[in-house]
Amino acid sequence: MHQTWNQGFLGTAAPCYADLVLLFGVLLARLRKFRAHAFCQSAVVLLNAAIIALVMLPSFRLRVAPKIPLKLGKAYYALATAHAALGSSVECAALYILLAAGTQLLPKKLRLTRYKLWMRTVLAGWWLVLLLGLATYARWYIPHPFR
């Protein structure tokens with residue numbers, strides 16, 4: 001499949017440069033370059049928030065939300081709802097990490113000092129959200145994917 005700069009390679013709605021920044025951020029963490037890692041991952045979290053607000057939320061509100069709870073028994077609505085619910089939780093957790101670990105905007109007792117568990121939990125959540133997003137995409141746009 002031919003990739004363009006506007007089309008990511010990790011299976012999300014993110015553009016190629018966001019996927020590259022994400023992978024670069026992981027590499028920086030492995031190399032223990034934590035300040036550079038924080039910058040890269042912050043960019044990914046903020047870009048993801050913009051994509052959610054500008055693309056995903058309007059689509060969900062138009063195509064899915066009006067049918068909840070009546071149609072949740074159908075894969076089309078159930079997958080999108082699960083993706084939205086988990087994705088919202090994970091994005092909020094990622095934004096909390098940015099605020100609690102990377103700024104002094106929160107009171108001291110709400111800031112983080114032990115980051116690894118938080119970051120690994122959010123990373124695992126993002127992988128689940130990615131899988132649900134791929135399943136949602138397949139159900140919405142590929143004819144008869146689950147039959």
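The largest nonpolar core of this predicted model has ten residues, namely Val-45, Val-90, Ala-94, Ile-97, Ala-100, Leu-106, Leu-112, Val-122, Trp-126 and Val-129, where a nonpolar core is a set of buried Ala, Val, Leu, Ile, Met, Phe, Trp, Tyr and Cys residues joined through side-chain atoms within 4.5 Å. Buried here stands for under 20% relative accessible area, exposed for over 50% and partly exposed for what lies in between, computed with a 1.4 Å probe on protein chains only. The elements that give two or more residues to this core are H3 and H4, and H3 provides its largest share, four residues. A second, separate core has six residues, including Val-64, Tyr-76, Tyr-77 and Ala-80. In soluble globular proteins, nonpolar side chains tend to be buried together.

Because this is a predicted model, local features need pLDDT of at least 70 and side-chain atom pairs count only at pLDDT 80 or more, whereas totals for chains, interfaces and linings use all residues. Residues are numbered from 1 along each chain as its sequence is written, and side-chain values use heavy atoms, with hydrogens and water left out.

The chain as a whole contains four helices and zero strands, and its pattern along the sequence reads α-α-α-α; helices (H or I, at least four residues) and strands (E, at least two) are DSSP runs numbered from the N terminus. Of its 147 residues, 27% count as buried. Among the contacts in the chain with a separation of 6 or more, 44% join residues 24 or more positions apart, a contact being heavy atoms within 4.5 Å.

Helix H3 (residues 75-102) has 28 residues that should span 40 Å at 1.5 Å a residue, and its end C-alpha atoms are 39 Å apart, which agrees; the expected span is 1.5 Å times one less than the number of residues. The buried residues of H3 include Tyr-76, Tyr-77, His-83, Glu-91 and Ile-97, and what covers the buried residues of this helix includes H2 and H4. Helix H4 (residues 116-141) has 26 residues and reaches 37 Å from its first C-alpha to its last, close to the 38 Å expected. Its buried residues include Val-122, Trp-126, Val-129, Thr-136 and Trp-140, and their cover includes helix H2 (34-63) and H3.

Glu-91, in helix H3, is buried yet has no salt bridge, and the nearest side chain of opposite charge, Arg-61, is 17 Å away. A salt bridge is a side-chain nitrogen of Lys or Arg within 4 Å of a carboxyl oxygen of Asp or Glu, and in assigning charge Lys and Arg count as positive and Asp and Glu as negative, while His and the chain ends are not counted. Not counting residues up to four places away in sequence, Glu-91 touches Val-45, Asn-48, Ala-49, Ile-52 and Trp-126. In helix H4, Thr-136 counts as buried at 8% relative accessibility, and with the same exclusion of residues up to four places away, Thr-136 touches Leu-79, Ala-80 and His-83. Cys-40, found in helix H2, counts as buried at 9% relative accessibility; Cys-40 and Leu-23 are 17 residues apart in sequence and 9.1 Å apart in space, C-alpha to C-alpha.

The structure holds five aromatic pairs, for which rings of Phe, Tyr and Trp (its six-membered ring) pair if their centres lie within 6.5 Å, with planes under 30 degrees apart counted as stacked, over 60 as edge-to-face and the rest as tilted. Tyr-76 and Trp-140 form a stacked pair, 4.9 Å centre to centre with 15° between the planes. Tyr-76 lies in helix H3 and Trp-140 in helix H4, so the pair ties together parts that are 64 residues apart in sequence. Both Tyr-76 and Trp-140 are buried. The pair of Tyr-96 and Trp-118 is tilted, at 5.1 Å centre to centre and 45° between the planes. Tyr-96 lies in helix H3 and Trp-118 in helix H4, so this pair ties together parts that are 22 residues apart in sequence. Tyr-96 counts as partly exposed at 27% relative accessibility, and Trp-118 is partly exposed with a relative accessible area of 36%. Ring pairs also link Tyr-76, Tyr-77, Tyr-137, Trp-140 and Tyr-141 into a cluster.
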